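Let's take a friendly walk through this model, one region at a time. Keep the structure open beside you as you read.

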Amino acid sequence: MSRRIAIVEDEPAIRANYADVLKKQGYEVAAYGTRAEALTAFRNRLPDLALIDIGLADDIDGGFTLCRELRALSANVPIIFLSARDSDFDIVAGLRLGADDYLTKDASLPHLTARIAALFRRSDLLSAPHAVEDVVERGKLTLDLKRLYAQWDGKRVDLTLTEFWMVHTLARFPGHVKDRDSLMRDAKIVVDDATVTSHIKRIRRKFIALDPAFDCIATVYGMGYRWNAEE
């Protein structure tokens, strides 16, 4: 079964161009011109990946809102922002909202399709057979590396792909300090330090929502972050 990619872009010509390229790559494409149209479709059927523009007609930040709404429907659907806006503010904002990647519209089509393929390679782990050696357990934490599934004390933690791999990087070797470059490398993202910090804050909030006493992710000032083993 082919992968289904959703394109949310208000300019018909641009939307059609991306759809044509992706169809030639063998993907099934669903294209939408407005946030409302896309959200209605997502509620009926989630895409395997979403390409979202930020400005959608008169809704200047509609893509940001849609990203947040899609993340509420699924923590794991890969999301790529594809926008003409190239300011650091927009890029950081998009990634902080839970997107997995951010490309500007001057990116080449081969570059775009390569980034899509890379995200699908990460998602493929979800359907791989379960094996004991692919489970990391650290106290109350359980990470299923094949299904990209995280649990804390038996309760699911809805982590994005990027957040999952950051937690894995930290928890794999408790007590070891991981700098921001290590976290970015393992999560396969390239962002600034402030965005890494934002990801860590989001991760902490998700664990604390399940367990107010959670304090396993420690900040080592000037160096990075460390997973503290539970006492």
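## The parallel sheet

Strand 1 and strand 2 run parallel and are joined by 5 bridges. Within that pairing, Arg-4 has Glu-28 of strand 2 as its bridge partner. Please keep in mind that this is a predicted model. Strand 1 (residues 4-8) also pairs with strand 3 (residues 49-52), again in the parallel sense, over 4 bridges. Here Ile-7 has Leu-51 in strand 3 as its bridge partner.

Stepping back, these strands belong to an open sheet of 5 strands with parallel pairing, in the order 2-1-3-4-5. Strand 2 (28-32) and strand 5 (101-104) are the edge strands, each pairing on one side only. On average, and with direction ignored, neighbouring strands of this sheet are turned by 20° against each other. Strands of a sheet pair through backbone hydrogen bonds, either parallel or antiparallel.

## Strand 1 and what covers the sheet

How many of the 5 residues of strand 1 are buried? The count is 5 of 5, so strand 1 is largely enclosed by the rest of the structure. In a regular strand the side chains alternate between the two faces of the sheet. In strand 1, both faces are covered: Arg-4, Ala-6 and Val-8 are buried on one side, and Ile-5 and Ile-7 are buried on the other.

Which helix lies across strand 1, strand 3, strand 4 and strand 5? That is helix 5 (residues 109-123), which runs at about 145° to strand 3.

The structure holds 10 aromatic pairs. One of them joins Tyr-27 and Phe-120 in a tilted arrangement, 5.6 Å centre to centre with 35° between the planes. This pair links distant parts of the chain, 93 residues apart: Tyr-27 sits in the loop between helix 1 (12-24) and strand 2, while Phe-120 is in helix 5. Tyr-27 has a relative accessibility of 15%, and because buried means under 20%, it counts as buried. Phe-120 is buried too, with a relative accessible area of 4%.

Another pair, Phe-64 with Phe-81, is edge-to-face, at 5.4 Å centre to centre and 85° between the planes. Phe-64 lies in helix 3 (residues 62-73) and Phe-81 in strand 4, so the pair ties together parts that are 17 residues apart in sequence. Both Phe-64 and Phe-81 are buried.

## Gly-63 in helix 3

Gly-63 also has its place in helix 3. Is Gly-63 buried or exposed? At 0% relative accessibility, Gly-63 counts as buried. Leaving aside neighbours within four places in sequence, Gly-63 is in contact with Ile-52, Asp-53, Ile-54, Leu-56 and Phe-81. From Gly-63 to Thr-34 the C-alpha to C-alpha distance is 9.1 Å, and the two are 29 residues apart in sequence.

## Two nonpolar cores

The largest nonpolar core has 28 residues, and those with the most contacts inside it are Leu-141, Leu-143, Trp-152, Phe-164, Val-167, Phe-207 and Trp-227. Elements giving two or more residues to this core are strand 7 (141-144), strand 8 (149-152), helix 6 (161-172), helix 7 (180-187), helix 8 (193-210) and strand 12 (224-227). Helix 6 gives the largest share, 7 residues. A second, separate core has 22 residues, including Ala-6, Ala-38, Ala-41 and Ala-93.

Leaving aside neighbours within four places in sequence, the contacts of Trp-227 include Leu-141, Trp-152, Val-167, Phe-214 and Cys-216. Trp-227 also forms one aromatic cluster with Trp-152, Phe-207 and Phe-214.

How many disulfides does the structure hold? The number is 0. Cys-67 is buried, with a relative accessible area of 0%, and Cys-216 counts as buried at 3% relative accessibility.

Ala-57 lies in the loop between strand 3 and helix 3 and is exposed, with a relative accessible area of 56%. Asp-153 lies in the loop between strand 8 and strand 9 (155-157) and is partly exposed, with a relative accessible area of 49%.

Notes: Residues are numbered from 1 along each chain as its sequence is written. This is a predicted model: local features need pLDDT of at least 70, side-chain atom pairs count only at pLDDT 80 or more; totals for chains, interfaces and linings use all residues. Side-chain values use heavy atoms; hydrogens and water are left out. A nonpolar core is a set of buried Ala, Val, Leu, Ile, Met, Phe, Trp, Tyr and Cys residues joined through side-chain atoms within 4.5 Å. Buried means under 20% relative accessible area, exposed over 50%, partly exposed in between (1.4 Å probe, protein chains only). Contact means heavy atoms within 4.5 Å. Two strands pair if DSSP finds at least two bridges between them. Axes are lines fitted to C-alpha atoms, for helices over the stretch in contact, and angles run from 0 to 180 degrees between N-to-C directions. Rings of Phe, Tyr and Trp (its six-membered ring) pair if their centres lie within 6.5 Å; planes under 30 degrees apart count as stacked, over 60 as edge-to-face and the rest as tilted. A disulfide is a pair of cysteine sulfur atoms within 2.5 Å.
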